[in-house]
Amino acid sequence: MKNFPIGEAARRSGVKVPTIRYYEQIGLLPAPVRTEGNRRLYDDESVRRLFFILHARQLGFEIDAIRAVLGLQDNPDQPCAQVDAIATGRIAEIELRISRLTALKAELSTMLDQCRQGRIAQCRVIETLSTPPG
């Protein structure tokens, strides 16, 4: 198994060097072996783990959810139910966000329809954004 420095791990995984250090600090990535000069050395498994974390973050998973999934991944004989529950929870969060964004789009469209080509003094967009809810 070949080990390589942090810059190469960053290049291979797509994760920036400071982020790799952060993931080590918070325990998502195990501490790497070090050279006599105290340089970090990573292996292919570390790069796979970094890519997993990167991809999970891109999908919007929170750090705690990623930590939980990695903990399960480190114990492969367990059933998938917990991972399924975490992914299902993420889907529910996405659906809620879509619902809120759809409502926001409708509200902005309504404001624009009421304001088009008028004067700033009668602008519903500015009026609506300036008025506290309630």
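## A buried arginine and its partner

Arg-49 counts as buried, at 13% relative accessibility; here buried means under 20% relative accessible area, exposed means over 50%, and partly exposed lies in between (1.4 Å probe, protein chains only). The structure is a predicted model, in which local features need pLDDT of at least 70 and side-chain atom pairs count only at pLDDT 80 or more, while totals for chains, interfaces and linings use all residues. Residues are numbered from 1 along each chain as its sequence is written, and side-chain values use heavy atoms, with hydrogens and water left out.

The side chain of Arg-49 meets that of Asp-74 in a salt bridge of 3.0 Å, N to O. A salt bridge is a side-chain nitrogen of Lys or Arg within 4 Å of a carboxyl oxygen of Asp or Glu. Because Arg-49 lies in helix H3 and Asp-74 in the loop between H4 and H5, the pair ties together parts that are 25 residues apart in sequence. Asp-74 is partly exposed, with a relative accessible area of 46%.

## The chain as a whole

The protein chain has six helices and three strands. Helices (H or I, at least four residues) and strands (E, at least two) are DSSP runs, numbered from the N terminus. Along the sequence, their pattern is β-α-α-β-β-α-α-α-α.

Of the 134 residues in the protein chain, 22% are buried. The accessible surface comes to about 9,800 Å², and carbon and sulfur atoms account for 56% of this area; accessible areas come from the Shrake-Rupley method with a 1.4 Å probe, and for residues only the protein chains shown count as cover. A contact means heavy atoms within 4.5 Å. Among contacts between residues at least 6 apart in sequence, 46% join residues at least 24 apart.

## Salt bridges within helices

How many salt bridges does a search of the whole structure find? The search finds eight. One of them joins the side chains of Glu-45 and Arg-48, at 2.9 Å, N to O. Both residues lie in helix H3, three residues apart, which is about one turn of the helix. Glu-45 is partly exposed, with a relative accessible area of 40%.

Another salt bridge joins the side chains of Arg-12 and Glu-8, at 2.8 Å, N to O. Arg-12 and Glu-8 are separated by about one helical turn because they are four residues apart in helix H1 (residues 6–13). An α-helix has 3.6 residues a turn, so residues three or four places apart point the same way. Glu-8 and Arg-12 also belong to a network of salt bridges that links them with Arg-11 and Asp-44.

## Arg-12 and the aromatic rings

Arg-12, which is partly exposed at 38% relative accessibility, lies over the face of Phe-4, at 4.0 Å from the ring centre. A charge sits over a ring if NZ of Lys or CZ of Arg is within 6 Å of the ring centre and within 35 degrees of the ring normal.

The structure holds one aromatic pair. Tyr-22 and Tyr-23 form this pair, which is tilted, with 6.0 Å centre to centre and 50° between the planes. Rings of Phe, Tyr and Trp (its six-membered ring) pair if their centres lie within 6.5 Å; planes under 30 degrees apart count as stacked, over 60 as edge-to-face and the rest as tilted. Tyr-22 is partly exposed, with a relative accessible area of 40%, whereas Tyr-23 is buried, at 8%.

Which residues of helix H4 (residues 63–73) are buried? They are Ile-63, Ile-66, Val-69, Leu-70 and Leu-72. Their cover includes helix H2 (17–25), helix H3 (44–58) and helix H5 (81–115).

Ile-26 lies in the loop between H2 and strand E2 (33–34) and is partly exposed, at 23% relative accessibility. Leaving aside residues up to four places away in sequence, Ile-26 touches Ile-63 and Arg-67. From C-alpha to C-alpha, Ile-26 and Ile-63 are 9.4 Å apart in space, while in sequence they are 37 residues apart.

## A surface patch and a loop residue

Leu-101, Leu-104 and Leu-108 form a nonpolar patch on the surface, with about 250 Å² of accessible area together. Patches are made of residues with over 30% relative accessible area and no salt bridge: like charges are joined within 9 Å, nonpolar side chains (Val, Leu, Ile, Met, Phe, Trp, Tyr) within 5 Å. Leu-104 lies in helix H5 and is partly exposed, with a relative accessible area of 41%.

Asn-38 is in the loop between E2 and strand E3 (40–42). Although Asn-38 is not a glycine, it has a positive phi of about 75°. Most residues other than glycine have a negative phi.
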